[in-house]
Amino acid sequence: MVLLVVGLLVLYALGGGRVARGHDPTKGTRFVCSAIPKNVDPSCSLPPNPVQSTSAQEDELRGSVTQLRETVLQQRETIVGQQGTIKELTAKLSRCEAAALDSPRDGKYRGQGGSWGRDYGKNTMGDLPRDPAETIDHLGKTMQGLKDRLANLEQQIRTNASGSLHAGELRDMLKSRLSDLEKQLLSKVAELEEEKSQLYNETTAHRHRTESTLNQLLERITELEKGSSKFKSPEDFKVSLPLRTNYLYGRIKKSLPEMYAFTVCMWLKSSASPGIGTPFSYGVPGQANEIVLIEWGTNPMELLVNDKVAQLPLSVGDGRWHHICVTWTTRDGYWEAYQDGEKLGSGENLAPWHPIKPGGAIILGQEQDIVGGRFDATQAFVGELSQFNMWDRVLRAADIEAMANCSSYMPGNVVPWIDSNVEVFGGATKWALEMCEDRLYDS
């Protein structure tokens, strides 16, 4: 029995001594657990923890810790209650031991007048007699189970605390990654918007060029459909101006758009002297000499742009067919002169940076003093001309040479040479002509 009491006291000291110390069941007090650092005296008061701003996840973790603390307190109350039970059992065991010592060895379980009979009739709180070793073993297991549960709770609290720190680091890393992805996305969107804008501009320019080309083709088809049937082909004709007067001339029905460059090509045949006169002129309101090609008197052939003059090294007054071309661009006023496919001269500073004005009149064989009229007979062209074409760009030298050699024919994209596009007045006439055959015959 002495060993039994010693065992109970040892279990009491190991399992619940610290928990029960200072506990008064009659006052209904409760214990509050506070975590302290290792190797710190528990009797020393610790400074209160600073209140920190928490996120929703930290609040949830703190709630879990609070619940765990309440569970620990409840377990400790249970331990205290079990300690009371241990005390009662200890008292009972003491009474049993005393009764065993007072009774005779051979009659301790017989008769109702013995010590066992007297103790059996006492109030034992409803507990039945059991083996003391079994009771001690049961209580030991209970105490060990409570210790294990408490250790698990403390481990879970430490795990949650470390998990909270890890979650904070993970959240910061995710925010940084999301910020980088957002920057990359915005950069990609900006690049796509820029590409979209460039593609739209290129598409718009391509559409304008396509529409312009289609309109020119439609006009060409319309002019071909309306062309006179007396010629083998709408462009196979010539305009004849046999006299030097102020009333024989031809007129191009189409006008010019605003241009910043041009090329004019034609076939000429003249033996007039002095000078062949004015093969063509273009006048606009406010400037009758917007574009003029003229050989007047003994002067060399001249090209006028906005009434500015450049002398051309061309000579075509020998009574034979000659192919001539003149080009001009507003950039630096650069010009070129071709005769029979060969470039004979060039220059610059001819009305530089001046745009050719639109809406004027193109006259064949006369120089205009007002738009479309007031001709001077001394400046009239005498001879024949054909295939007067005009482009709004500077043609390549190879294209000009091909037309002069009759190896190709290129109608002008601004003014094409078509029978229905040319009117004649004052006795000027149009005759059928196959230029290359006629030129070969002249040779």
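A residue is called buried when its relative accessible area is under 20%, exposed when it is over 50%, and partly exposed in between. Keep those cut-offs in mind as we walk through this structure, which is a predicted model.

Let's begin with a residue on the outside. Met173 has a relative accessibility of 52%, so it counts as exposed, because the cut-off for that word is over 50%. You will find Met173 in helix α4, which covers residues 132-226. Together with Leu170 and Leu174, Met173 makes a nonpolar surface patch of about 280 Å².

Now step back to the whole chain. It has six helices and 14 strands. Of its 443 residues, 36% are buried. The chain exposes about 27100 Å², and carbon and sulfur atoms supply 54% of that area. If you take the contacts with a separation of 6 or more, 69% of them join residues 24 or more positions apart.

Strand β8, residues 322-329, is mostly covered, with seven of its eight residues buried. Which strands pair with β8? One is strand β3, residues 261-269, which runs antiparallel to β8 and is joined to it by eight bridges. To see this pairing for yourself, look for Ala261, which stands opposite Thr329 in β8. Another is strand β9, residues 334-339, which pairs with β8 in the antiparallel sense over six bridges. Here Ile324 stands opposite Gln339 in β9. β8 and β9 form a hairpin, with four residues between the two strands. In that turn sits Asp332, whose phi is positive, at about 65°.

Let's move on to strand β12, residues 383-391, where Ser386 has its place. Is Ser386 buried or exposed? Its relative accessible area is 1%, so Ser386 is buried. The side chain of Ser386 reaches the backbone oxygen of Phe237 at 2.7 Å. Leaving aside neighbours within four places in sequence, the residues in contact with Ser386 include Lys238, Met266, Trp267, Trp321 and Trp417.

Glu336 forms one with Lys343, and their closest N and O atoms are 3.0 Å apart. With 11% relative accessibility, Glu336 counts as buried, whereas Lys343, at 39%, counts as partly exposed. The side chains of Asp399 and Arg396 meet in another salt bridge, at 3.0 Å from N to O. Asp399 has a relative accessible area of 17% and is buried, while Arg396, with 55%, is exposed.

Notes:
Residues numbered from 1 in each chain as written. Predicted model: local features only at pLDDT ≥ 70, side-chain atom pairs only at ≥ 80, totals over all residues. Heavy atoms only, no water. Buried < 20%, exposed > 50% of the residue type's maximum accessible area, 1.4 Å probe, protein only. Pairing = 2+ DSSP bridges. Polar contact = N/O pair within 3.5 Å; in protein donor to acceptor, adjacent residues only side chain to side chain. Contact = heavy atoms within 4.5 Å. Patch = residues over 30% accessible without salt bridge, like charges linked within 9 Å, V, L, I, M, F, W, Y side chains within 5 Å. Areas by Shrake-Rupley, 256 points an atom, 1.4 Å probe, with all protein chains shown as cover. Salt bridge = Lys/Arg side-chain N within 4 Å of Asp/Glu carboxyl O.
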